[in-house]
Structures are given as structure tokens and as C-alpha cells.
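Me: Can you walk me through this one? I'd like to start with the strands, then go on to rings and cavities.

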Amino acid sequence: MNTIHEKKVLSVSEITARVKLMLESSFPQVWIQGEISNAKLHTSGHFYFTLKDEGAQISGIMWRSRVANLPFTPEDGMKVIARGSVTVYPPRGNYQLDCVQLQPMGIGELQLAFERLKKKLDEEGLFDPEHKKPIPEYPEHIGVITSVTGAALQDIRSVLSWRLPTLEVIVYPVHVQGVGAAEEIAEAIRDMNRFGGVDVLIVGRGGGSFEDLWAFNEEAVARAIYDSKIPVISAVGHEIDFSIADFVADLRAPTPSAAAELVVRDRSELLDILRNLWYTMQQNLEDRVHGLRERIENLVSSYSFNKPKDLLRQSAQRVDELERSLARSFVHLYKLAAGNHQGIHQRLVSLNPGRVLQRGYAIVRKDGQIMTSSHMLKEGDTAAIQFHDGEVPARVEK
Amino acid sequence: MSKKSGKSGKSSENGQSFEASLKRLEQIVESLESGEVPLDKAVELYEEGVQLSKFCGEKLRDTELRLKKLSKDAEGNFEVSDLES
């Protein structure tokens, strides 16, 4: 017999608080797919709408700050995927979706969103060619952001294995489609930058429908590519598919295989480059040594180099000649001198003053000086007269 | 084989990267071609060039692509492991 008084009675606020706690902790983040109805952009800037499908509906609100980032204008009838948390609003006793992100699903809406985002990012300068980083010429560590199960990785792998197996490929596995894929890709790009161990990044996936490729048209991916310090090559779908990622990327590859071809040179091409460098180097040094040898040979046989030798020879010859002529001259001079000697002797002998004195001449000296003239002596001078056999003093009388 | 977070794998084990070696080799050839290097320096450069081109040639003879996977643990540390295929 349970009476109402034995039961725990809750106030409206209490039950609402418990529902709120239960709901909000159960659905902190959900993705909900549905069609928009009752879309209303309030003058406050907040966006109110209802998401519905055939069997149910949920009301939603997107706050003004988030509305500003919407790549499109949500309208009634659009199919969308909404991301957010379930919240309870106690004053009204209802629950709603606090929507942080809205993403169009229908092809028309997607096209529209694509064009809007493209225009916005273009105006912001995210596609500026000046911002694009050069792709390294010879990367050795290549980061690949894609699904590990997708065709893109297999394509990239086989092209790289064939072209240049010297490489290291570091894969960062992500989901490339579905809800949250864009965020995952963006985070992977940021992580690769934090990690830093790769020279270049290939971001992409294999072919698919426009919706399948949608993650690469999202702003989060575009901004992560723009902010990447590592050069990014986009490789999304097929040749005809253009994504926002392609416009922001430093290089757009039409397909993942093409990305692999663009990023590395063929081994044979590299070997050619290497061979050419080697050959040029070898040739250059050989030419140089050859040139130097020629120069030395030219020098050795040149006139000026040989001049000293000639001069030496000439000198040696001249010395010989001189020696010979000197010897000749000496003998000649000697003979000549010897021949003359007798005559000179005779002349010297005949010039001896003693012999002259013997013949009766005398020498008058005054103070040791020979008087050669009568005018040199005057009265009273004393002089010495030298005869051949002696000297006598004398005085001039008159 | 695993590497922790931070810069790793930027250059090969002996600290010499293919790109850096090839660039240096190109530089050497360029300065040899300029003819402005004195002979003894040229011979020195030539010897360095021979080493570099040998190193690059050996690198090119590698035959197996190294396929790795980057993952991040709860503390945000990175780990590079072989990608099972």
C-alpha cells in the first residue's frame, strides 16, 4: 500500500535539473542529420531553426559568433548535418540542440557553400601565390595525410616504390569523409607540423562524389593548410575535382598518384643528374690538369724560359773565349814587356843622374831643393853643390 | 623501431641528407666550372665531390620504401611505427 506520502516527491525544478544533467552529460557532442525548417535569423544575430525528419523534430539554436562562420545561409528545406550538444532550457522545460556547426548535405547547398567559402578565403588572401611555399626539390621524408584503407595511399605507395624507394613515407591516418573528417584532417596537418619530421605533406584522398570529397572543402582544412609551415600538396579525387584545399595548397596535384609523381623525381632521373654532375666534375678537373700541363710544356719550350739557358751557354762560351784570349794576351804582353825591358833598362841606366855627374856636371841645392836657374839664388844664400863623388857647401858671393 | 616526438628523421642516420649532399655536389661542380678556384682547392673539392656522389649513388640503390605511421599518445607525444599493411 504505497501512499503518495511514502514516495519521494520532486519539485519541477528538481526533475528538470535531473533531466538536464542526464541529457547534457549523455550528449556533449552529437552530429545530427536532418532538414531545416522554421529557419529564423533573429535580430540579435542568433539563428533559430528546427531540424526534422519523417518521424521527429528537434529545435536548435546557433549563437551569433558561430553564425558568422557559416559558409552558407541555411534555409528551410535544406538537408544539413548539425554538430552540437543537447541542452535543456529549464524555464521552458524543453531541450534543444546548441549547434556549433552546420554543414550542407544536398549537392545544391554544397555547391553554394563551396562558392561562398572560396570567395571568402580568396578575399582573405588564403590563395595568394606569394604565400605559397616552394616544394623541396629532393624530399626524403614525405608525410601523407589520408585514410589508411583508401585507394590514395595505395596509389601513392606504388608510385613512390617504383620511382624512388629511397624515401621514408610517414602516414597520418585520418577519416577522409563523414562527420568530423575535416577537423581530423586539419588536426593531422597541425600535428605533422608539431612533429616536424617530414619535408613535404600530401593531403588527399581518392575519387568520390562531391559529397564524399566535402571535407576538403571545409574551412578548417583550408586554414590548417594555410598555416602549415611544411609545404602542402593537395591530392583530392580526380583531375576534374577541384577542392578548396587545392586553392590553398602550395601545389595542387590532380590525383594522389600525380602527387607522388610530382613530389619525387624518378630514380633514373636522379641517377642521370648525379652522373652528369660527376662527369662535369671529372671533365673539369681533367681539362684543368691538361690545360696546366700544356701551359707548363709551353713554358718549358718558350723563348723566355730558355733564355737563361742560352745566356748561360753564351756566357760559358764567352768565358772560354775570354779565357783563351786572356791567356794569349798575357803571354803576348809578357813577351812584349820582356822584350822592352832591355831598352827600358838602358834608358833608365842612361838617365841615372850619377852617370851625368861623372861626366862633369853638378847639382846645386838650396835647402834640399835643386836649383835649376841662376835666378833662384841671390847674394848671401848658402847652397850645396853635389858632385859625383861628394858634396861641398857654397855661398853666393855676388 | 619507434621515435619519440620532436625533430627526427630529417636526415639519415649518418647525419647527411640526400638533398644536402646533392646540393653540395652541385655547388662544387659550379665552383669548379667557374675556374676561379686555385688548383689545390680544386683537387680538395673534387675529392669531396667524389665522396658525395658516392654517397648519393648508394642512397639511390635502396630498394625498399619505408612506410611508417605517425600516431600521438594521450600526452601528445608522437610515435613513428611501421605501418602494417
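Reply: Helices (H or I, at least four residues) and strands (E, at least two) are DSSP runs, numbered from the N terminus. Also, this is a predicted model, where local features need pLDDT of at least 70, side-chain atom pairs count only at pLDDT 80 or more, and totals for chains, interfaces and linings use all residues. Residues are numbered from 1 along each chain as its sequence is written, chains are lettered from A and ligands numbered from 1 in the order in which they are written, and side-chain values use heavy atoms, with hydrogens and water left out.

Me: OK, how many bridges join β3 and β5 of chain A, and do they run parallel or antiparallel?
Reply: Two bridges, and the strands run parallel: β3 covers residues 57-62 and β5 covers residues 94-104. A:Gly60 sits opposite A:Leu97 of β5(A).

Me: And what about β4 with β5(A)?
Reply: Those are antiparallel, with ten bridges between β4 (residues 79-89) of chain A and β5(A). A:Arg83 has A:Gln101 in β5(A) as its bridge partner. The two strands make a hairpin with four residues between them, and A:Gly93 in the turn has a positive phi of about 65°.

Me: Switching to rings. How many aromatic pairs are there over all chains?
Reply: Seven, from a search of the whole structure. Rings of Phe, Tyr and Trp (its six-membered ring) pair if their centres lie within 6.5 Å; planes under 30 degrees apart are stacked, over 60 edge-to-face, and the rest tilted. One of the pairs is A:Phe127 with A:Phe247, which counts as tilted because the centres are 5.4 Å apart and the planes at 35°.

Me: Where do those two lie in chain A?
Reply: A:Phe127 is in the loop between α3 (107-124) and β6 (141-146), and A:Phe247 is in helix α7 (residues 244-248), so the pair ties together parts 120 residues apart in sequence.

Me: Is A:Phe127 buried or exposed?
Reply: Buried, at a relative accessible area of 12%. The cut-offs are under 20% for buried, over 50% for exposed, and partly exposed in between (1.4 Å probe, protein chains only). A:Phe247 is partly exposed at 23%.

Me: What else does A:Phe247 pair with?
Reply: A:Phe242, in a stacked pair with 6.0 Å centre to centre and 25° between the planes. A:Phe242 is partly exposed, at 43% relative accessibility. A:Arg252 lies over the face of A:Phe242, 3.7 Å from the ring centre; the test is NZ of Lys or CZ of Arg within 6 Å of the centre and within 35 degrees of the ring normal.

Me: Which rings form a cluster?
Reply: A:Phe114, A:Phe210 and A:Trp214, linked by ring pairs.

Me: Now cavities. How many of 30 Å³ or more?
Reply: Two. A cavity is a set of points, on a 1 Å grid over the protein atoms alone, where a 1.4 Å probe fits but cannot get out; lining residues have an atom within 4 Å of a point.

Me: What lines the largest cavity?
Reply: Residues including A:Tyr138, A:Arg265 and B:Phe18. The lining divides into seven nonpolar, no polar and two charged.

Me: Last one: how do the elements of chain B run?
Reply: From the N terminus on, α-α-β-β. Of the 85 residues in chain B, 39% are buried.

Conventions:
1 Å grid on protein atoms, 1.4 Å probe; cavity = no way out; pocket = protein on both sides within 12 Å on 5 of 7 lines; lining within 4 Å. Points joined across faces, edges and corners; volume = space filled by probe spheres on them. Nonpolar A, V, L, I, M, F, W, Y, C, P; charged D, E, K, R; others polar. Pairing = 2+ DSSP bridges.
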